[in-house]
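Please look at the structure shown here, and then read the short report that follows.

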Amino acid sequence: MSWRVTAPGRVNLIGEHTDYNGLPVFPIAIDRDIRVDFRVLDDPVVRLDSPSARFAPFAFRLKRPIEASAQGDWSNYVRAAARGLLEHGISLDRGIEGTVSGDVPIASGLSSSSALVVASALALLKANGVTLPRLQLAALMARAERFVGLEGGGMDQAACLHGIAGHALRIEFDPLRVTPVPVPDGWRWVVASSLVRAEKSAGAREMYNERARQCREALAASVGAASGGGAAKSRNRAASTATTYRDLVSADDPDGLLRDARRILSPVLFRRFRHVVTEGSRVALAEQAMSDGDLHRFGRLMVRSHESLRDDYEVSTDELDAIVGVAREAGAAGARLTGAGFGGCAVALCDDSTVEPVMEALTARFYKPRLGGPPTTDMLFVAKPSGGAGVQER
Ligand code: GLA
């Protein structure tokens, strides 16, 4: 008997670099998947290949410790899944043999790597007749993926496992929760590659982890100052008892909170802090705009999110800024970088009347000058909010 796992990529609509700070995110799972076609082996071995010459075949045994392969090697995502399951106490006596394929663009900020982690876990669970609740599996795989060295949050694995056709997903953390929100008819999500690779396991990793560290430092300093009393305490009841970013975002007086933070934090830490707390509050506003069917309000929040990622979090690039600018000039309601940044993709919110002009403008003004011709359908496409990962018999 043979099986196929499909695991979708995701596009984050808003709430960027908030997940590892315990604040919500708002992605969609998309209609592009990583697929693992496999058969079950009686031995505890994983043997996988790929139709693409870029991804060499590999094999490893399902016995602890599972060692990492060289940095950047694609097998590490499969090893991470296996290791996460074994460390959770699941015995993997049977292995899998098969082929990994898919149409999620790689290193593009669309979470092909988490889709591979989730797909591998589902294949190994299937092979061993084990089922886990999806929320638990999402949390487990988020931890497991840190094996590749990125101190990532839990958005990607949760979106991959919980996608629902036609819905965006409000994902909250500590504990993990997922709430589907219907996307209004006629909202269109244009995804545009910046043509710059953003490899989670390579170059972008250090810059990402540096920001995670800066956020922790900024939080510790702000919480310390607020609980110490003084101006912060009198102005901000919630802030005075805060220990997390979530407490801070719900403070009575967000402007006062930022004024206090500016006094005690270095300029860089202050900018990181301001991004996290303002982005955290934009997620709730964006969800409300979507529920109200207000395309333009949602779009304006995307633009503010992009500006904050560009100026305060410093994860945008000239190419991403150019895409956002062209998309807006051509009539998109909003646009922003999506995923970690440092390259990868931007997403633009359009309706039926603007989707074509926006794609035409991006083709003419962004892609043709850089490529000498039109973009491929992996570089510029409309992403549909889609269902989550699953296993079917082939
Ligand atoms: C990467 C991580 C996610 C999230 C985003 C930024 O995709 O894997 O957990 O932190 O970056 O929002």
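## Helices α9 and α10

The crossing of α9 and α10 is right-handed, a word used when the near helix is turned clockwise from the far one by less than a right angle. The contact, meaning heavy atoms within 4.5 Å, is made by L257, L258, A261 and R262 of α9 together with F270, F273, R274, V277 and T278 of α10. By class, these residues divide into 6 nonpolar, 1 polar and 2 charged.

Helix α9 covers residues 254-264 and helix α10 covers residues 267-291, and the two pack at an angle of about 160 degrees with their axes 10 Å apart. They are therefore roughly antiparallel to each other, a term for angles over 145 degrees.

## About the model

This is a predicted model, in which local features need pLDDT of at least 70 and side-chain atom pairs count only at pLDDT 80 or more, while totals for chains, interfaces and linings use all residues. Residues are numbered from 1 along each chain as its sequence is written, and side-chain values use heavy atoms, with hydrogens and water left out.

## Residue D37

D37 lies in strand β2, which spans residues 26-41. Because its relative accessibility is 12%, D37 counts as buried, the word for residues under 20% relative accessible area with a 1.4 Å probe and protein chains only.

The side chain of D37 makes a polar contact with the side chain of R4, at 2.6 Å; such a contact is a pair of N or O atoms within 3.5 Å, where within protein one must be able to donate a hydrogen and the other to accept it.

Conventions:
Helix = DSSP H or I, 4+ residues; strand = E, 2+ residues; numbered from the N terminus. Buried < 20%, exposed > 50% of the residue type's maximum accessible area, 1.4 Å probe, protein only. Axes fitted to C-alpha atoms, helices over the stretch in contact; angles between N-to-C directions. Parallel < 35°, antiparallel > 145°, perpendicular 65-115°, else oblique. Nonpolar A, V, L, I, M, F, W, Y, C, P; charged D, E, K, R; others polar.
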